Amino acid sequence: QVQLMESGGGLVQPEGTLRLSCVASGRMFGINAMGWYRQAPGKERELVATITSNGVARYADSVEGRFTISRNNAKIMNMIYLQMNSLRPEDTAVYYCAASTRRPYMWDSWGQGTQVTVSS
């Protein structure tokens, strides 16, 4: 079992920046992919970005060019980051970290989430 904990959320003005972190604990050696999702009030949870253990990253169209996902440099992936630039009010949401240990992108662990609010 993998446990995930997010940090780095907060209140930021439009066009501002934030960096989210997610650290994994437990059976980290089996992690093959990790990702960020978000859920805004009244909306479904949506994919933001994913990264595999060998560094292949993918992004939602809505954040492409503004957000960057990265991972720790160790052989075992146990930490990911989300650098968020040029933030917009529509980026306001709870951001969740996810990890897969069986088939990549078949998420079997989720964090509790961190709130990101973009407002002037």
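I count a disulfide when two cysteine sulfur atoms sit within 2.5 Å of each other. The model is predicted, so I am reading computed geometry here.

Entry one, the cysteines. How many disulfides does the rule give? The count comes to one. I looked up the partners: Cys-22 is joined to Cys-97, with 2.0 Å from S to S. That falls under the cut-off because a pair has to be within 2.5 Å. Next I checked where the two ends sit in the chain. Cys-22 belongs to strand E3 (residues 18-26) and Cys-97 to strand E9 (residues 93-100). They are 75 residues apart, so I noted this as a link between distant parts of the chain.

Which hand does the link have? I read -80° about the S-S bond, and the link of Cys-22 and Cys-97 is left-handed. Buried or exposed, these two cysteines? Both Cys-22 and Cys-97 came out buried.

Entry two, the sheet with E3 in it. I traced four strands in the order E1-E3-E8-E7, forming an open sheet with antiparallel pairing. Strand E1 (2-7) and strand E7 (67-71) are the edges, and each of them pairs on one side only. From one strand to the next, I get an average twist of 15°.

A reminder to myself: strands of a sheet pair through backbone hydrogen bonds.

Terms used
Residues numbered from 1 in each chain as written. Predicted model: local features only at pLDDT ≥ 70, side-chain atom pairs only at ≥ 80, totals over all residues. Heavy atoms only, no water. Pairing = 2+ DSSP bridges. Axes fitted to C-alpha atoms, helices over the stretch in contact; angles between N-to-C directions. Buried < 20%, exposed > 50% of the residue type's maximum accessible area, 1.4 Å probe, protein only.
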